[in-house]
Amino acid sequence: MTLFRTLERRIAVVFVGLLVFVMLLMLLIVARSGEAIIMAESQRQLAAGARNFGKLVDRDQRQLELAASVLAGDFGFREAIATQDRATVHSVLRNHGYRIGARVMMVLSLNGEVIADTQRPDQAPRPFPFGELLQAAQQAGRSGGVALMADGLLYQIVIVPILAPVRVAWVVMGFPVEDAWAAEFARVSGLDVSVVATGESIHASSLLPELRGALEKTPWTMLDEQPRPLTLDDRNYHAVALPFGPQARVLLLHSLEPSEAVFRELERILEIIAASGIALFVVGSFGLARRIAGPVNTLAKAAQRIEAGDYSHAVAVTAPDEIGQLAASFESMRTGIAARELKIIRLAYEDTLTGLPNRTRLAEHLAGLDPTATAMVAVLDLDRFAPINDALGHPVGDRLLQQVGERLASLLPPQGMLARLWGDEFAFVVAGAADESARDFAARLLAALREPIEVDGQKLDVSGSLGIAFRPADGRDMDTLLQRAELAMYAAKRRQCGYALAEDIGAGPPPEQLSMIGEMREALERREFVLYYQPKLALASNRVVGAEALLRWQHPQRGLVPPGRFIPFAEQTGFIREITPWLLGEVAAQAAAWRERGIWVVVSANLSARDLLNPDLVGLMRDLLDVHQLPPSALCLEITESALMEDPTLALAHLAELAALGLKLSIDDYGAGQASLSYLKSLPVHELKIDQSFIGSLATSPKDAAIVRSTIALGHALGLTVVAEGIEGEADLDWLAAAGCDIGQGYFISRPMAAPAFADWILAQAVTCND
Amino acid sequence: MTVKTPAGAPVKDAAVVLEPTSGTAPPARQRAAIEQRGREFIPHLTIVQKGTAIDFPNHDPFKHHVYSFSPAKVFEIKLYAGKPANPVIFDKTGAVALGCNIHDWMEAHVLVVDTPWFAKTGANGVARIERVPAGAYRLRLWHPRQKAPAADSSVDLGGAMRKLDLTLDVTPRVIVPRPPVDAGGY
């Protein structure tokens with residue numbers, strides 16, 4: 001309901017609603033009570049009126065009788081009547097009737113004949129039409145009553161004797177029941193009086209003419225001595241009907257109008273009070289509600305601002321009440337949230353070491369630039385940072401990175417941004433930079449880096465390699481551009497030429513690489529990855545003592561994907577971390593399966609730098625040995641020399657744990673990296689695999705042969721098994737065997753094979769050996 | 001003669017009249033009087049022979065106004081004190097009701113008959129007519145408040161005393177209220 005949507009309205013509506021309810025209830029009660037009071041009052045009035053009416057009629061009758069008696073006792077009247085002279089009798093009847101206001105005067109003989117009648121002077125004697133009245137008079141000496149006479153009028157009639165001194169005749173006097181009569185009764189009783197003859201119209205009434213007309217049309221015949229409601233001309237009455245002589249009835253009407261008017265006036269006053277009260281309440285409760293809801297609304301608006309991320313406005317509610325307290329809490333919440341958000345933003349967008357923006361911030365910055373304008377993304381990687389870090393320690397390395405950051409920041413063009421990506425890698429985004437300006441920028445940057453940097457009093461020579469990519473030529477999104485720039489940077493580092501443009505180092509990764517991660521994930525689920533095993537042959541005994549597991553991708557469309565096409569990418573993107581656990585599990589299972597069949601070979605698996613630095617690796621290996629009931633010496637982990645050098649300290653620590661587990665460890669591609677002999681000496685490894693680049697040219701390059709021969713000697717001197725891989729000819733094999741190399745591996749011995757083929761092959765070999 | 005109601009109560013002031021069926025009665029040579037005393041006519045009933053003069057002596061210390069509207073004798077003696085100079089001669093037979101115009105309750109009756117032989121009953125209902133010559137008579141019975149006229153009857157009288165029992169139904173006398181005597185010296 002919209003009526004209750006706001007607190008303000010709800011308060012006002014509830015308050016006003018309650019008041020309206022109470023007022024209505026009060027008005028209803030007053031109206032009800034009024035009706036009841038009017039009803040009771042009316043009934044009381046009518047009951048009293050009905051009682052009084054009888055008394056009044058009796059009294060009236062007695063007075064008329066008395067008056068008639070006095071008249072009948074007048075000597076002249078009696079004398080005139082006694083004369084029996086018609087003319088005289090009529091005259092005296094008229095005269096004396098006029099004296100007391102009788103309209104009708106009659107003389108009756110003692111036996112009840114009308115002998116004189118003022119209304120019909122010429123008529124012959126006839127019987128008196130109201131025998132009952134006469135009988136009553138004969139018994140009581142006089143009588144009175146109401147009768148409808150021949151003229152159609154209603155009369156109050158009294159019959160009194162003419163005494164001379166004995167009764168000689170009766171005189172009948174008739175007093176018309178007229179409006180004046182009714183008015184007199186109305187005055188005395190306070191009721192409206194109407195006299196109606198049965199079935200006839202109204203004879204007398206104290207009612208106003210229009211009401212009399214209304215009464216004539218009203219079915220009053222149903223009235224009796226019980227008060228009943230009656231409506232005349234829209235006015236309310238209560239009425240009773242009382243018998244009035246044998247042929248007439250008297251209607252007593254009590255008008256409700258005066259009482260109703262009093263109550264109407266009362267109700268009107270109450271309505272005015274109620275209306276003003278409600279009006280005051282509406283104003284008052286809206287005022288109150290506003291005082292309550294206003295600060296609440298202010299708080300709500302403040303909350304909305306905070307929700308929208310605007311923490312700059314202080315909450316301006318200073319009420320001394322609970323809302324004020326709420327506002328104060330709100331205010332401290334606002335400042336707290338603002339401070340925390342600032343901190344979060346800093347953590348999210350800032351590199352804590354150098355205070356520079358981080359990769360995320362840089363990506364947002366690039367996304368915020370005009371997408372149609374050109375932009376430059378440059379990646380700078382310090383050369384030889386790792387040795388400095390190793391030699392002088394992390395704190396020095398960190399301070400060096402901070403100094404480098406400051407120096408790079410000082411060279412930043414006004415519309416550019418500098419970020420530290422990770423380690424010793426920094427990146428720039430410069431809007432609007434084109435080929436020429438980028439080259440200038442790169443030259444200035446590299447020149448600036450050549451100035452020695454002083455850290456803790458030591459002057460350090462640093463240099464960097466820079467890779468530059470352009471939007472939109474090399475890509476549109478941050479990941480692509482950074483990747484292209486990094487590739488260029490690696491190229492520059494390899495060529496030691498300072499900087500390289502992405503466009504100069506050829507096409508980017510083949511298009512299939514862009515969707516490679518998704519495909520690799522699907523491949524893992526669909527078990528498209530398979531392991532091939534290449535035998536490791538002990539040259540002295542000519543026995544297969546091991547097998548190196550090699551990852552292959554049997555792609556449903558592209559066929560067998562060469563390892564070089566996806567493994568570096570998996571390592572770069574970190575997807576290798578999802579593949580390695582699967583691979584290690586497969587290798588362990590395969591080793592266990594072969595052992596079941598009596599094939600006792602040490603199965604090797606390759607680990608990338610990321611795998612080696614993964615803290616979960618040791619636990620995983622322990623679990624695998626456990627699950628497959630393998631002796632640790634049944635498995636060998638091969639780590640390239642370059643992988644070791646990414647984080648030599650952590651690598652050493654993990655290798656120590658793996659060695660402690662009893663696993664065999666092997667250094668792969670030895671000779672291609674920068675491992676120092678002192679570092680090599682400290683490694684807990686069992687095997688050294690000479691990089692195959694040396695083996696392939698044994699026959700043609702005396703220098704390589706010398707390196708191999710001395711490496712074999714070195715390995716043996718350190719107590720290591722020396723492995724030569726990439727043996728492609730019998731001459732090389734023989735040379736190596738002669739040189740004392742322990743184990744050989746290569747196409748000449750066998751290509752990598754699927755596990756069943758390997759098993760078949762090794763069993764066949766065994767038969768051959770036995771020969 | 002004893003007059004009783006049908007219920008057997010003696011009737012006071014009943015007139016018993018003997019009219020000779022043949023010949024004429026001797027003319028009246030009498031005078032009668034109806035006194036006004038103590039605001040009453042005394043006696044209540046007077047029977048006279050036709051032609052009798054009746055005096056209306058007033059013994060009260062205030063005036064009376066005697067009247068009659070009866071057809072047998074209409075007369076009026078306006079406010080007088082003491083004995084009026086002239087008596088009223090009742091020269092027609094019939095019943096005459098007398099009233100006083102000043103005192104409504106005062107009532108007297110005069111029965112004018114054409115015979116000298118009449119009597120009225122006392123409180124015991126007994127009336128006695130003496131010295132009636134023997135012969136045939138018509139016996140009439142009358143009372144001022146008789147309910148119905150009694151039928152005449154015939155009686156033959158010899159020299160001996162006759163005793164007759166008669167019956168007449170009368171209404172009780174209407175007591176007209178009157179002010180007390182000592183009230184203001186009326």
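Q: What makes the crossing of α17(A) and α19(A) right-handed?
A: α17(A) passes α19(A) in the right-handed sense. This is a predicted model, where local features need pLDDT of at least 70 and side-chain atom pairs pLDDT 80 or more, while totals for chains, interfaces and linings use all residues. Residues are numbered from 1 along each chain as its sequence is written, and chains are lettered from A and ligands numbered from 1 in written order.

Q: Why are α17(A) and α19(A) called roughly parallel?
A: The axes of α17 (residues 576-596) and α19 (residues 617-628) of chain A cross at roughly 30° and come within 10 Å. Axes are lines fitted to C-alpha atoms, for helices over the stretch in contact, and angles run from 0 to 180 degrees between N-to-C directions. Under 35 degrees is roughly parallel, over 145 roughly antiparallel, 65 to 115 roughly perpendicular, and the rest oblique. So α17(A) and α19(A) count as roughly parallel.

Q: Which residues of α17(A) meet α19(A)?
A: Contact requires C-beta atoms, placed from the backbone, within 7 Å. A:Pro581, A:Leu584, A:Gly585, A:Ala588, A:Ala589 and A:Ala592 of α17(A) meet A:Leu620, A:Leu624 and A:His628 of α19(A). By class, the contact has seven nonpolar, two polar and no charged residues. Ala, Val, Leu, Ile, Met, Phe, Trp, Tyr, Cys and Pro count as nonpolar; Asp, Glu, Lys and Arg as charged; the others, Gly among them, as polar.

Q: What makes α2(A) and α3(A) roughly parallel or antiparallel?
A: The axes of α2 (residues 75-83) and α3 (residues 86-100) of chain A cross at roughly 155° and come within 8 Å. That angle makes α2(A) roughly antiparallel to α3(A). Their crossing is left-handed. A:Phe77, A:Ala80, A:Ile81 and A:Thr83 of α2(A) meet A:Thr88, A:Val89, A:Val92 and A:His96 of α3(A). Here the classes are five nonpolar, three polar and no charged.

Q: How do you know the relative direction of α7(A) and α8(A)?
A: The axes of α7 (residues 257-307) and α8 (residues 322-349) of chain A cross at roughly 10° and come within 11 Å. That makes α7(A) roughly parallel to α8(A). Their contact has 10 nonpolar, no polar and one charged residue.

Q: What makes A:Ile468 count as buried?
A: Buried means 20 or more other C-beta atoms within 10 Å of the residue's own; 12 or fewer means exposed, in between partly exposed, with C-beta atoms placed from the backbone. A:Ile468 has 30 C-beta neighbours inside 10 Å, so A:Ile468 is buried. A:Ile468 lies in strand β17 (residues 463-471) of chain A. Leaving out residues up to four places away in sequence, A:Ile468 touches residues including A:Met376, A:Ala438 and A:Tyr499. A:Tyr499 is 31 residues away from A:Ile468 in sequence and 7.5 Å away in space, C-alpha to C-alpha.

Q: Why do β3 and β4 of chain A stand at the edges?
A: The open sheet runs β3-β2-β1-β6-β5-β4 (chain A), paired antiparallel. β3 (126-127) and β4 (143-148) of chain A each have a single partner strand, so one side of each lacks a neighbour in the sheet. Helix α1 (residues 7-73) of chain A packs on this sheet, touching β4, β5 (154-163) and β6 (167-176) of chain A. Helices (H or I, at least four residues) and strands (E, at least two) are DSSP runs, numbered from the N terminus.

Q: How do you know that β2(A) pairs with β3(A)?
A: Pairing needs at least two DSSP bridges between strands. Two bridges join β2 (residues 113-117) of chain A to β3(A), and the strands run antiparallel. A:Val114 has A:Arg126 in β3(A) as its bridge partner.

Q: How many bridges join β10(A) to β11(A)?
A: Eight bridges join β10 (residues 235-244) to β11 (residues 248-255) of chain A, running antiparallel. A:Ala239 stands opposite A:Leu253 in β11(A).

Q: How much of chain B counts as buried?
A: Of its 186 residues, 31% count as buried. Chain B has zero helices and 16 strands. Seven residues of chain B are in contact with nine of chain A. That side of chain B divides into three nonpolar, two polar and two charged residues.

Note on methods:
Two residues are in contact if their C-beta atoms, placed from the backbone, lie within 7 Å. A crossing is left-handed if the near helix is turned anticlockwise from the far one by less than a right angle, and right-handed if clockwise.
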